[in-house]
Amino acid sequence: MAMLILSRCGFGRIKKMTNRIRLKKSLQSFNSYSADKTSFNYRLNANESPFKYQDIFNASALEKKFLKSMKIEDINRYPDSTQEELKDSILKFYGLKKGQVLLGNGSDELILYILLTLTGKSSNVLYLDPSFSMYEILTKGLGLKGISVPLTSGFKLDVEKVLKKIKSHDPDIVFIASPNNPTGNAFKKEDIIKIVSFSKGIVVLDEAYSDYSDFSFIKSLKKYKNMLIMKTMSKVGFASLRLGFLLGEKRLIDSINKLRLPYNISSFSQSVANKFFKNPFIIGKHIDIIKAERSKVEAFLKEISNVKVYSSDSNFILIRLKRSNALFNFLRSNDLIVKNFPNNKKLHDCLRITIGLPKENKRLMLLVSQFLNK
Ligand code: PMP
C-alpha cells in the first residue's frame, strides 16, 4: 500500500515520500504457525502433560490459592498464543485499535522480529552511537548492514547527520531510543519528527524509559504511518516477566507477527501484565520516588569536581570521571555494582548508575564520598 507523506524535511524543503512495507520477499506469501485456542475442556492436541503443578509438587493450600489467583493453575498447558486478553488491555490503555500491538519476550525479542521481517529493501539499519547495544548486535548478527551515526560529544542527537545518512543509505529501519540508553537523555521531539517524516523506511522509537521522562510519541502514531513505538515493562517493576510491546499500524504489526514464536509470552507474564494494565497508575508513586531520588543523586554528583554528570530523563545517570575504573572497583569491592563500558571508546571513563531505593542511593553516595576522601 502506498502512503503519501508530505513533510518538511531537515534540509529545509518539502519532500514527497512513499512508505511501502519492506517485508522480506521470503515472507510475502507465507503461512505463519497457527496455534489452537486454549478454551477446550479436553485438550489432546498439543502433546502437553495432563499433570498439573500440584500433581508434581504436592502444593500447599497457599500455593494452590496463589496459582489460582494468578490464573496459572494449568502450568502444564501452553500459554495462550493469541494473547488476546492482554493485548486488549494494552490497546484500551493506549487508545489504539485491534491489531495495533505485538508482544515480545522483552523488547529485545521485538528488535529481533523487526530486523527479521522489515528489512526487505536496502537491508540497511540505522542506529545512534552510543545507544542500546542490541540494535547493533542483532543487526550485525543477522548479516544486515549497520549504519551507526555518532551522537555529538555531549550525547545530543545530530539531526542533520542522521538525515544525511538516511538520504544516502535509505535504511529499512531506524532505531532511536528516547530517552537514550546509556546516555539517559531524551532527544528533541521536533528532531525525531523530522527523522520520521524524512525516512522512507520504518522508524522505531524505543520508549523503554519514557515513564521517567516528560514525553511519549504515542499520540503521533496516528499521523506517522512509518512509526513504531516500542515499550517494555522491564524498567517499571516487571523485568522478570520479559514483556515488551510494539505499537503501530496494523499492517506493520501483522508483518512483524509473521515470525513471532507462537508461545513467546508465558502464562504467568500474561497474567501479571494483565493485572497491571487494569490499573497501570499504581506504579505512579514509584516513578515519582525514582525521579525525586534521581534529582538527589544528580545534585550530589554535580557537587564533585572533575565529574561530568549527563542530565537524565531516565531511571539512571551517566557520569564521566578520570578515575572511573578505580571507583568502579571500589564500589564493587563494597558489594555495589554500577555499569562500566570497558569496550566502548565513546564511553571511556563513563559509569552508569541506576537509581535505586533511597537507602541504596544513600549507600552509593556514602561510598562515593569515601572513595573521594581516600
Ligand atoms: N531498549 C532499551 C533502550 C533498553 O535499555 C533495554 C534494556 N536495557 C531494552 C530496550 C530491552 O528491554 P527488555 O528486553 O527488558 O524489554
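The scale I used calls a residue buried under 20% relative accessible area, exposed over 50% and partly exposed in between (1.4 Å probe, protein chains only). The model is predicted: local features need pLDDT of at least 70 and side-chain atom pairs count only at pLDDT 80 or more, while totals for chains, interfaces and linings use all residues. Residues are numbered from 1 along each chain as its sequence is written, and side-chain values use heavy atoms, with hydrogens and water left out.

I placed Arg 22 in the loop between S2 and H1. Helices (H or I, at least four residues) and strands (E, at least two) are DSSP runs, numbered from the N terminus. I then listed what Arg 22 touches, not counting residues up to four places away in sequence; among them are Thr 117, Lys 121, Ser 122, Asp 170, Asp 172 and Lys 200. Contact here means heavy atoms within 4.5 Å.

The side chains of Arg 22 and Asp 172 are joined by a polar contact of 2.8 Å. I took a polar contact as a pair of N or O atoms within 3.5 Å; within protein, one must be able to donate a hydrogen and the other to accept it, and residues adjacent in sequence count only if both atoms are side-chain atoms.

**Salt bridges**

I counted a salt bridge where a side-chain nitrogen of Lys or Arg is within 4 Å of a carboxyl oxygen of Asp or Glu. The count came to 17 salt bridges.

I looked at Lys 52 and Asp 74, whose side chains form a salt bridge at 2.5 Å, N to O. Lys 52 lies in the loop between strand S2 (14-18) and helix H1 (53-57) and Asp 74 in the loop between helix H2 (61-69) and helix H3 (84-94), so this pair ties together parts 22 residues apart in sequence. Lys 52 is partly exposed at 29% relative accessibility, and Asp 74 is partly exposed at 36%.

Next I checked Asp 108 and Arg 242, which form a salt bridge of 3.5 Å, N to O. Asp 108 is in helix H4 (residues 107-117) and Arg 242 in the loop between strand S8 (227-232) and strand S9 (244-247), so the pair ties together parts 134 residues apart in sequence.

Last, I noted the salt bridge of Lys 225 with Glu 249, with the closest N and O atoms 3.8 Å apart.
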